[in-house]
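Trainee: I am new to this structure. Please take me through one part of it closely.

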Amino acid sequence: MEAGAIVMNQVWITDAAAVTSLGGDIDETWINILSGKSGIGKLNRFPCHNYVSDLAACINFIDAPSDDSFLKAIAGHLVSHLSVVPGDALLFTATTKSCIDNLEKIQRGMDLSPLDVPCSSIPRFISERLGLADRGININAACASSTIALIQACTAIASGRTQCALVCGLDMVSEFVFAGFSSIGAMSPSPARPFDPAAKGMTLGEGGAALLLMSRDRAEKENRLPLTGICGWGIANDAAHITAPARDGSGLIKAVQKALGTASINPQDIGAVSAHGTGTVYNDAMELTAFKHIFAQQIPLVNSIKGAIGHTLGAAGAIEAALGIYMLEKQLLLPTAGFQVSHEGVQNIVNNVPMPFAGDYLLSTNSGFGGINAAIIMSKAGSK
Amino acid sequence: MYHMNSGNPVYITGIGQVEGTTLKKELTAGKVLGYPYKPFGRMDYFSRLGFTAVFYALKDAGMEKWHTKRDIGIIASTVYGSIETDMHYFETVMPHNGVRTSPALFAYTLPGTFMGEACIALGLTGDCFVINEECSKGITALKTAMHTLLSSDGTHAMVCGVCDSPAPAALAAGPDFYSGARFMVLEKKCGDKGACHGKLFFNENHEILYKEQILTDIAEIISNRQTG
């Protein structure tokens, strides 16, 4: 990159993989969510009788090693489903608690290396597995971690700092996290019902997604086709509360407005919204307030996949982006499992069946503890 | 439209540092802020370190007072993050199958919680997130903050740095580990209220130049200054 140059390279997603409770790849997860299946089931990983819920969306088809973290098994599965990742790709991972099951085991007296507990252990593991030159960094921004990791990859490519970046978002269901969300009253005793007035909280899930991002020039040189583009992004903090979103949606509004500005498009250009939609009363109300403000009387179709695969925390944004590729390509918004009735004043934007939409742009948003909000705008292949 | 002029300078207008040897009882709202602030008392040690250094940096830049929220972000690099609090918290989960789980501690098991606290107390609404990496040199956080500032018309300033409480006994701290918090305020022009501690540029290899030398550790800017 020449110092002083103003650069704005186009960012393409050229490869993607995902693993969720509903499938070992994007295809399987897509088909299962589309057909109305739920990955939420009874949790038997640890005793739940003292918690608000005994439900979670767990991955039951990957073996958990007894002497190491399950998250590494998820990471290994994920990267094995990617095609060739260039050795010069920058690596951005996103996990909130990394190999937290190893910390649990150590504290319960098991003789394990503590070196895998810090969050930097995950980028190191993936970098070594793929033979990347970059050791990688982990982005930690609560439930917006993946989306912010995607944004960091996008800015690195758009600014010319790199031509290629790999983003891996992943988190697991652990007693550490489960007990915490239960203790703060954020968890639903029944499966989550995003955007439904009867929603009582979230259901935890686990999984991950890996997305290979390239500049358009590099992708064309390598004869890689775009799955989608990412043309807009924004981050903003509520500056309101540590564990609850701003009631007025101010942070999310600002993040989306920044994303629209980066993409140089208008709110009316957004075809559909892949929302955070945790199923907690405050989050869902905040998002609907923000969408009303951003889109005025013309809110596009909105969905949340957390009623089907649970809230995957730091992985959420990456999984939603991976499924967003299919949603844009097929012009079909996945159903919001668990949703039954609309909130007053926002009828006909959320549904529990697949919804066709028309448009070149999909807005994907996430919000998290600490008041953080992040938004990306994905563009249909062949558009921006 | 995304745009970034990588040739423009970024000015360091504030610096704040707190050593990891500082006692928790020394990091109180009265001693740090100079006025009572109830949320300070609930913060864990890691969060107090980070919050305090961010506050000192903004104070040095003359930006600690506010009336309306500002588009100022915080990017912090950490090696171990909240691991000490993670361990304390899980000690409340283990006995009796979670019946005594501490919700108060759970909120601080994310390394970014102190940034949320700082945003609330100081009215900051910009990009805020933590970078987990294996060293405390802070260059990744600094580069990311410079990028954010140079590519955004609306961002007023960025605060960036490193934060770690002393390494847990079970984890050997490497030579590049720093216990404490070091933060700096970056602006696109020299602030009219605070000091100017120098300027930073990107060179053609995307390295950071400070005083015409390639910067390899933010300690080269911060460690020898009296702060707080």
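How much area is buried between chain B and chain A, and what percentage of it do carbon and sulfur atoms give?

Mentor: Keep in mind that this is a predicted model. The area buried between chain B and chain A is about 5,000 Å². Carbon and sulfur atoms give 62% of that area. The size of an interface is often given in this way, as the accessible area lost when the parts come together.

Now the residues. Chain A brings 65 residues to the contact, and chain B brings 58 residues. There are 6 salt bridges between chain B and chain A. One of these joins D71(B) to K254(A). Their closest N and O atoms are 3.4 Å apart.

Look next at the side of chain B that touches chain A. Five elements of chain B each supply at least two residues to it: α3 (83-93), α4 (103-106), α5 (113-122), β3 (128-132) and α6 (139-151). The largest share comes from α3(B), with 7 residues. By type, this side of chain B has 27 nonpolar, 21 polar and 10 charged residues.

Stay with β3(B) for a moment. This strand pairs with β5(A), residues 137-140, across the two chains. The pairing is antiparallel, over 3 bridges. Within it, V130(B) of β3(B) stands opposite N140(A).

Then turn to chain A itself and find β13(A), residues 361-368. Of its 8 residues, 8 are buried, so β13(A) is largely enclosed by the rest of the structure. In a regular strand the side chains alternate between the two faces of the sheet. Check each face of β13(A) in turn. On one side, Y361(A), L363(A), T365(A) and S367(A) are buried. On the other, L362(A), S364(A), N366(A) and G368(A) are buried too.

Two partner strands complete the view. β9(A), residues 270-274, pairs with β13(A) in the parallel sense, over 4 bridges. There V273(A) stands opposite L363(A). β14(A), residues 372-380, runs antiparallel to β13(A), and 8 bridges join them. In that pairing L363(A) stands opposite I377(A). β13(A) and β14(A) also form a hairpin, with 3 residues between them. In the turn, G370(A) has a positive phi of about 85°.

Note on methods:
Residues are numbered from 1 along each chain as its sequence is written. Chains are lettered from A and ligands numbered from 1 in the order in which they are written. This is a predicted model: local features need pLDDT of at least 70, side-chain atom pairs count only at pLDDT 80 or more; totals for chains, interfaces and linings use all residues. Side-chain values use heavy atoms; hydrogens and water are left out. Contact means heavy atoms within 4.5 Å. Buried area is the accessible area (1.4 Å probe) that two parts lose on being put together, summed over both. A salt bridge is a side-chain nitrogen of Lys or Arg within 4 Å of a carboxyl oxygen of Asp or Glu. Ala, Val, Leu, Ile, Met, Phe, Trp, Tyr, Cys and Pro count as nonpolar, Asp, Glu, Lys and Arg as charged, and the others, Gly among them, as polar. Two strands pair if DSSP finds at least two bridges between them. Buried means under 20% relative accessible area, exposed over 50%, partly exposed in between (1.4 Å probe, protein chains only).
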